[in-house]
Amino acid sequence: MCGFACLIEPGRSFSTALLAQIDRDLFHRGPDSGGQIDEAGAAMIFRRLSIMDPTPGSDQPMTDPDRDVTMVFNGEIYNFRALRTELEQAGIRFRTQGDSEVILRGYAHWGEGVFERLEGMFTIGILDRRKGRFLAARDPLGIKPLYLLRQGKLTAVASEIRPLTRLVPAEIDPVALPELLTFHWAAGRISNYKNIERMPGGTLVSVDLQTGEATERRFCDPLDTLTVPRTMAAEQAHEAIEASLQSHLMSDVGYALQLSGGVDSSLLTALACSSTDTRLSSYAVQVSDSQFDEGRYRAPLVDRFGLDHLEDPMDGIRFADRLPQAIASMEGPVPHGGCVALHALCDKIGRDHKVVLTGEGADEMFGGYLRYQVSAKLRRHEMIDRAYPGFLPMPDIWPFKSTRRLRGLDHAAYSSVYGDYEGIRALFPEILPPAPGAREAASARFDEFRDRLFAVDQTAYLESLLVRQDKMSMAGSVEARVPFVHMPLLKVVNAMPHAVRAPGGVTKPVLKSLAERHLGRDLVHRRKVGLLLPYDRWIQDGTALGRFLTLLEEPGAKIRELADGKRLDATLAAVRSGTSGRVEDLFKLINLELWMRSVRSDTVTA
């Protein structure tokens with residue numbers, strides 16, 4: 001796991017001060033070593049967190065023996081040994097033992113075809129002097145973030161946004177705000193900043209080094225896996241889960257576990273412990289409110305598997321103290337309050353470990369949310385919405401009451417929006433709902449409602465979780481691995497019949513049936529908690545989240561420029577008096593306000 005930035009502009013010499021500042025911006029992503037390439041028209045800045053072949057021979061930027069091609073790479077390639085064997089059989093000899101050189105030599109042998117062969121999480125930059133081009137690629141599922149700036153003849157890519165704000169001012173993108181208010185996350189290419197895009201997963205950008213002209217193509221579209229015949233059985237999915245976990249254990253520096261106590265992380269813990277004789281370490285967030293803490297589910301696993309376990313306590317004051325730091329690391333409002341706890345936890349993990357395995361992504365692969373349990377009901381609401389005359393008001397009675405909440409919207413795209421959405425729309429009538437975007441585009445590709453749910457979750461919602469894992473963990477110089485988010489596994493689970501994977505009435509039955517074998521029924525078949533937080537108590541506490549309420553009342557508050565001021569004041573008063581339950585909405589506004597205040601346009605270095 002690492003971080004890099006690549007700057008391409010024909011004829012330009014990038015200043016030493018600029019490159020040094022970008023190196024500092026990325027240092028937390030790779031404190032073990034760094035390197036730069038600086039030549040006419042191109043610069044590459046790299047920071048390394050050494051995990052595979054941690055010797056200096058695998059430092060980057062990495063250049064081939066003929067000095068024609070230089071590469072930077074962030075991530076892990078889990079099938080690199082198989083690819084290495086194939087390249088060795090073709091007569092290629094290697095100098096190192098890691099996965100980085102396999103990409104470099106693979107590109108020399110297969111050209112752009114190398115990206116389709118890679119299984120893992122990756123962003124890659126390749127400077128090909130012989131062919132006169134620069135290439136940037138991002139893994140199909142978007143596990144590793146990559147941001148893109150194109151301005152005139154300048155093309156720049158970076159693992160984080162901050163290095164790109166050394167080239168253009170940091171300005172809030174107004175297109176992002178409606179999505180952030182609605183979904184907590186701006187999907188698709190929206191990075192939250194003007195002129196800076198988030199490259200879609202499975203995308204390859206090619207830049208002509210002479211002209212600066214950039215082209216783009218999709219080398220892999222994960223949603224294509226939803227169009228294949230549905231022939232896979234549950235047992236095949238079980239095998240694919242176990243195979244993915246085995247590949248993710250690859251590490252020359254060991255690994256630890258994020259153990260929440262939920263089914264997903266508990267299953268990973270059981271599988272990992274059964275695959276090693278080494279005593280493993282696990283980490284968990286301990287929520288101060290026992291109603292929200294899953295410690296009672298973690299404790300039996302810690303005892304059973306003999307884990308070296310650490311609990312990191314999180315209360316309202318610590319949460320409020322850490323929130324601005326998490327927002328800074330996220331480079332935007334946090335998509336979930338759990339990011340703050342994760343940010344603190346990874347600080348602890350990073351003191352002893354460089355790699356941590358997490359259960360992120362299982363819900364999006366196997367249908368773990370309420371929307372899959374009640375998908376038939378959601379589909380009926382959408383059918384009523386589409387059939388009901390648009391010019392008539394919808395009555396506030398069954399079966400229209402639930403339908404009217406999302407009237408005129410794509411119900412699959414909005415199924416993840418909980419809480420008082422009508423109230424949020426009333427607070428921001430000028431900018432909500434957001435214009436149709438990446439979620440609606442993903443949904444529109446499919447007819448079957450559950451396919452639409454999976455399409456939205458596996459693009460928009462999943463990416464929010466993956467990017468938060470990347471940024472919260474890398475803030476502590478830790479690589480987070482996500483065994484449930486793996487293309488070979490996705491190809492299996494998306495080819496399962498809906499009657500097996502998402503029959504309705506139950507969530508992720510396929511994964512739970514495997515978990516039963518390793519964990520027992522009591523842990524598997526219980527009410528899901530997730531990383532919920534007691535926002536109601538914390539926001540009532542002036543020393544905790546409540547300390548930020550006054551920010552929303554100030555005349556210069558960024559949120560007040562967007563909101564209906566009278567409604568906002570009424571909402572604040574009701575929450576303060578305890579007569580309103582809209583505390584999660586207020587956390588969303590605090591989160592957004594803190595981020596907007598943090599955005600400064602004076603960071604350009606050159």
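**View 1. The largest nonpolar core of this predicted model holds 85 residues.** Leu7 and Leu323 touch the most other members. A nonpolar core is a set of buried Ala, Val, Leu, Ile, Met, Phe, Trp, Tyr and Cys residues joined through side-chain atoms within 4.5 Å. Buried means under 20% relative accessible area (1.4 Å probe, protein chains only). Helix α25 (residues 583-598) gives the largest share of this core, nine residues.

Residues are numbered from 1 along each chain as its sequence is written, and side-chain values use heavy atoms, without hydrogens and water.

**View 2. Contacts of Leu7 (heavy atoms within 4.5 Å).** Leu7 touches Phe14, Leu18, Leu19 and Ile22, among others. Its contacts also include Ala42, Ile45, Thr155 and Leu167. Residues up to four places away in sequence are not counted.

**View 3. An open six-stranded sheet runs β2-β3-β1-β9-β8-β10, with antiparallel pairing.** Strands are DSSP runs (E, at least two residues), and helices are H or I runs of at least four. Two strands pair if DSSP finds at least two bridges between them. β2 (33-39) and β10 (196-198) are the edge strands. Three bridges join β8 (residues 147-151) to β10. Tyr147 has Arg198 in β10 as its bridge partner. Helix α1 (residues 16-26) packs on the sheet, touching β1 (2-8), β2 and β3 (42-48).

How values were computed: Predicted model: local features only at pLDDT ≥ 70, side-chain atom pairs only at ≥ 80, totals over all residues. Buried < 20%, exposed > 50% of the residue type's maximum accessible area, 1.4 Å probe, protein only. Axes fitted to C-alpha atoms, helices over the stretch in contact; angles between N-to-C directions.
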